[in-house]
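Here are my notes on this one, as numbered points. Have the structure open while you read.

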Amino acid sequence: SSSNAPKHFTIVESDQSPLDRGRITIDSAVCDDCLDELFQKDDRRHCHPLINCTNCGPRYSIVRDLPYDRPQTTMAEFAICDVCQEEYLDPGNRRFHAQPICCPSCGPVVSLVNHEGIVYGGGEAFSRSARLLRDGKILAMKGLGGYHLVVDATNEAAVRELRQRKKRDYKPLAVMVRDLQQASSLAEVSDEAAALMRSPIAPIVLLLGISPSSIAASVTQGSHRVGLMIPNTPMQHLLLAEPMLTDRPLVMTSANLSDDPLIKDDEEAQRHLAGIADAYLLHDRPIERAIDDSIVMDTEQGLIPIRRARGYVPTPLPLPIRSTAPGLCVGADLKNAVCMVNQDNAVLSQHIGDLNYSLAYQRFEKAIEDLLRLYDIKPQWIACDLHPRYLSHRYAKRYASQVGIDLIQIQHHYAHLASLLAEHNRTDRIVCLACDGVGYGDDGTAWGGEILVGDLQGYERCGRIRPLRLPGGDQAAVDIPRCALSWMYDLLGGESVDHPHAQQVISHASTRYTIGQMLQRDVNCPPSSGLGRLFDAAASLLGLCDHNHYQAMSGMLLEAAAESCTNPLSGKELIRIRKVKSATGQNLLELDHRPLLMELMKQIILGKSSDQLAWLFHDALAEGLSRSACQIARQRGIKTIGLTGGVFCNALLSRLVIDYLRELGFEILIHHVVPPNDGGIALGQAAVAGATLNEA
């Protein structure tokens, strides 16, 4: 053996070498061993609500700096007792070098604070919390990465009160159940979903087959899916084990006001939630960074990530191309996540949210600062979306100028394509259906229903959805009857304003005529090929939705209606495919959706139900998208077609497109690692930027 080999095994203090950095793990759901101890009466950690070990508990949410040692975490202020110290130093112990190690005598404590300021500790905190929930009250409860608002999910009045106080009237609410057995009594849980729910990630999983009588109708608010999770912290396990809550599922939704980011600090919670929560169940271990619950959708194609946060972050993701210099990617403005790149690894941040909200923008800046400090990276380049008005774009431009590094601007839908390639570790050319609400195009117009051909070196726009003009611009994405009237105007011209369907969609005559005048004169009616706006138009036309109270609400209700259809109508050949020239003179295949509208209007007159027409809409789009992508792929000799963009969070559309493409013999790429929506954009930017630098 070598004379340099160590004679004894030793544990040494971490140093500050960059090689020792980057070893933070995820915040993990409480493990089975800790759960056994939690409910074992003779264990010294019996009912200790912050029990953890080397295999579970807080990590990324508590670390302040690297190396990951206790003094660098929010546990620094809690002195370890002698017994915990022995466990911490014992290589044979499950808590060997568990930085958040604690017990009832040395760790953080849990307390319940009611609206009168009275504090209850120990077991009484949980029994009184259970009584409040049973009585229909709203509880603010501290979790791993922030606060939740909790109510009895079987109490319709309590759920409605929560919605009213939180100003969240329409968006579905997540539900926590005691275990997988209870989850299976509420919805259909596949084996893959069950394994994920029981894993250290323990996300919210969006499931089909809701049992309607098992939870209050206001929980799902018209959605055909319910978001279920099982407890991921010992506090949650203790609360659901209370006898008063036996077999009662609990709404467990992020504690915030409307679209503001998740609340993480105790004082902030008691200040901002004063008009919402009736009491606060909290612990005194500080949360360094807010991390939302992750959301995953269970589909026939497998599990699809919708929001990537707790349990996934900050696990590095491999890149198919090694970057010659470290860099930073700032994502898009909606569903923002940022990304740090070093060599052939990308570290994607937790979900941050909509940067148009000031608190979210502050979290965006903090997330960037965190990643660069924790991983000791000095970016040599910064990548952003092409959209000049995006706050993320402006940040990147300013940062590049101040630091003197390269700014790499990447078109939105190309970044979507690249995110799909990156997660599959591919560099080959594919045909890609990149479909969402909006993204800034190379030609300065709004794109969103695109067929691209590309790899990490570049792309070509080969097809698009026929652009729809949006009266009032972005306002049409919220006030969606505008989209429906524009769709009718595209088919019928000026006659559309007095058409019975138009009167049904917009009953107020003067409003209808004003929008009609905007369309006729082409005033403030920017064109958009965004597929999301076509969903808006269809949902409005079918009477399913007249206002998007949250992103993609119309699409969710349209999908729910279609999924309930028992007598479907075929939509084949209702999308006409023709060749057009774009404004820049480019030859494109265009998917003309006017025949689809004509058929929908005809079937409405024939008295077909909204669920049949919703199915017809999905089927027509899926067949048209598949046919056009296939035509382009065969022309180019490409055998792989990818699906990406927020529209492919619609599991029904995805399934229909995949079925059509499989029949035609293509390999299909879909997302399983990062979300199809804008939460995956930063990874795509990382892959393109890495390839760009390698070419330079």
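1. Ground rules: two strands count as paired if DSSP finds at least two bridges between them; strands (E, at least two residues) and helices (H or I, at least four) are DSSP runs numbered from the N terminus. This is a predicted model, where local features need pLDDT of at least 70, side-chain atom pairs count only at pLDDT 80 or more, and totals for chains, interfaces and linings use all residues. Residues are numbered from 1 along each chain as its sequence is written, and side-chain values use heavy atoms, with hydrogens and water left out.

2. On that pairing, Leu-206 has Gly-227 in β7 as its bridge partner. Strands β6 (residues 204-207) and β7 (residues 226-229) run antiparallel and are joined by three bridges.

3. Zooming out, 11 strands make an open, mixed sheet ordered β2-β1-β9-β3-β4-β8-β5-β7-β6-β10-β11. The edge strands β2 (119-121) and β11 (302-307) each have a single partner, so one side of each lacks a neighbour in the sheet.

4. Helix α4 (residues 156-166) lies across β4 and β8, at about 145° to β4. (Axes are lines fitted to C-alpha atoms, for helices over the stretch in contact, and angles run from 0 to 180 degrees between N-to-C directions; contact means heavy atoms within 4.5 Å.)

5. Which residues have the most contacts inside the largest nonpolar core? Trp-487 and Phe-617, in a core of 80 residues. Helix α19 (residues 610-636) gives the largest share, 13 residues. (Such a core is a set of buried Ala, Val, Leu, Ile, Met, Phe, Trp, Tyr and Cys residues joined through side-chain atoms within 4.5 Å; buried means under 20% relative accessible area with a 1.4 Å probe, protein chains only.)

Note on methods
Buried < 20%, exposed > 50% of the residue type's maximum accessible area, 1.4 Å probe, protein only.
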